[in-house]
Structures are given as C-alpha cells and as structure tokens.
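Visitor: I'd like to go through this one with you and ask how you back up each label. Could you show me the model?

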Amino acid sequence: LYLGTMEWYPNVQGLLWFINYVMPLIAEKRPDTKLHIVGYGKPDGEFVKAVKKHQNVMFWGQQADDKWFFHGAKVFIVPLFIGAGARVKIPTAWASRVPVASTVFAPEGLDAVDKENICMADQPEEYAKNILRLLEDEKFCNKIVDCAFETLKKKYSSDICVEKLKNAYGKIVSFHCMGDERCE
C-alpha cells in the first residue's frame, strides 16, 4: 500500500522509482502481489503510463477514508528520496499495525530503526528483499509490527505529544518573561 498526494513531486518520483525498479522484482518472486496506490490529486502523464504498464499496480485516486486500505494492507511503502511527502503516514501505518518498508531517507525525524520497527533500503534489490521478507516471514513481520507499535506509544501518542507541547510552550513563556514582573 502507498498513500500520498499525487501532485507532490517527491511522492511521484519515489513511486515511479518503486514501480519501475522494485515492483518487477517483487512480481518476479510473487506474481500475485498487488501495489495499491491511494492519493489526492491528478498524477502526471509519466506516472499514469507507469501504472498502466504494470498489471500489479492499482491506482485508486482520492478516497474518502483510507482505513479500509490500511486494514487490508500487508506492507506500507514509503519510497521517498527528497522532501517530506508520505513520511507523515508512517505513524499511521504503525498505529494500524502495518509493517513499513521505506527508503533510508523517508523516516527522517522519526525514531525509526532498520529491522526493528521499519525496514529501510535505497537499492531496488534490497527494498524488494525487505518487502518479500515482510510478506513471507511471519515471525519477522510480527516483530517489526510490535516494535513499531511500541515506538508509536512511547514516542508519538497524543499524551506524549501534548506533554512535549506544554513543555515547549512553558519554555517560550519563561524565556519571554525573564525579568518581567507582569508574567508573575
């Protein structure tokens, strides 16, 4: 599964790389494997041609609710090399207990550890190997999913995020109030 804006250059370029170089390697080993792409916006002509060329790739366009896709997914892909794009969906995949296969750049800023809570690779062969392992090795896949879910709870739950915001705002207020009696 892939979710992201289809008019965002980093998303489209990453998907084109995945469709052209990674998906054929996966389809060679598992011919029935499908890539479901869900995204807002009108994709460019190069992307449309790539999707039409591969019978294993299904483009759904914008959907009102992505829960159905997450709950039916076996692996969530984030093939980003530049920009932010779909990386914001990684915590959503973790919360949905869907393992994530990404490029090394994609989870930047998250507490992502290769082969612990995510699988990362920048070369098509390694990326495909990660996905195939997640699809075929149930014990490994469960370990990734469980660790990702724990990371999400410990680092990115709403309670944790609210506490971080409160602390940040507290620091801002105390910085601006230093020596100002009106703040007391």
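Guide: Helix H1 (9-29), strand S2 (35-38), helix H3 (67-72) and helix H5 (124-136) each give at least two residues to the lining of the largest pocket. Keep in mind that this is a predicted model.

Visitor: What makes a residue part of the lining of the largest pocket?

Guide: A lining residue has an atom within 4 Å of a pocket point. The largest pocket has 18 such residues, and Leu-1, Lys-34, His-36, Lys-74 and Val-75 are the ones nearest its centre. The space in there is about 360 Å³.

Visitor: Why is Ser-102 called buried?

Guide: Buried means under 20% relative accessible area, and Ser-102 has 0%, so Ser-102 is buried. This serine is in strand S5.

Visitor: Which residues does Ser-102 touch, leaving aside neighbours within four places in sequence?

Guide: Contact asks for heavy atoms within 4.5 Å. With those neighbours set aside, Ser-102 is in contact with Val-78, Pro-107, Ile-118, Cys-119, Met-120, Ala-121 and Tyr-127. There's also a C-alpha separation to quote: Ser-102 and Ile-131 are 29 residues apart along the chain, with their C-alpha atoms 9.4 Å apart.

Visitor: And Thr-151, why does that one count as buried?

Guide: Thr-151 comes out at 10% relative accessibility, and the cut-off for buried is under 20%, so Thr-151 counts as buried. Thr-151 belongs to helix H6 (residues 138-156). Not counting residues up to four places away in sequence, Thr-151 touches Trp-94, Asp-111, Asn-117 and Tyr-156.

Visitor: What makes the phi of Arg-97 worth a remark?

Guide: Most residues other than glycine have a negative phi. Arg-97 isn't a glycine, and its phi is positive, near 60°. You'll find Arg-97 in the loop between helix H4 (90-95) and strand S5 (100-102).

Visitor: Why is Arg-97 called partly exposed?

Guide: Partly exposed is what lies between buried, under 20%, and exposed, over 50%. Arg-97 has a relative accessible area of 38%, so Arg-97 is partly exposed.

Visitor: Where is Lys-115, and what is its phi?

Guide: Lys-115 is in the loop between S5 and strand S6 (119-120). Its phi is positive too, about 70°, although Lys-115 is not a glycine.

Visitor: How do you know that Lys-115 is partly exposed?

Guide: Its relative accessible area is 28%. The cut-offs are under 20% for buried and over 50% for exposed, so Lys-115 is partly exposed.

Visitor: How much of the protein chain is buried?

Guide: Of the 184 residues, 40% are buried. The accessible surface of the chain comes to about 10,700 Å², and carbon and sulfur atoms hold 55% of that.

Definitions and conventions: Residues are numbered from 1 along each chain as its sequence is written. This is a predicted model: local features need pLDDT of at least 70, side-chain atom pairs count only at pLDDT 80 or more; totals for chains, interfaces and linings use all residues. Side-chain values use heavy atoms; hydrogens and water are left out. Buried means under 20% relative accessible area, exposed over 50%, partly exposed in between (1.4 Å probe, protein chains only). Accessible areas come from the Shrake-Rupley method with a 1.4 Å probe; for residues, only the protein chains shown count as cover. On a 1 Å grid over the protein atoms alone, a cavity is a set of points where a 1.4 Å probe fits but cannot get out, and a pocket is an open set with protein on both sides within 12 Å along at least five of seven lines; lining residues have an atom within 4 Å of a point. Grid points are joined across faces, edges and corners, and a volume is the space filled by probe spheres set on the points. Helices (H or I, at least four residues) and strands (E, at least two) are DSSP runs, numbered from the N terminus.
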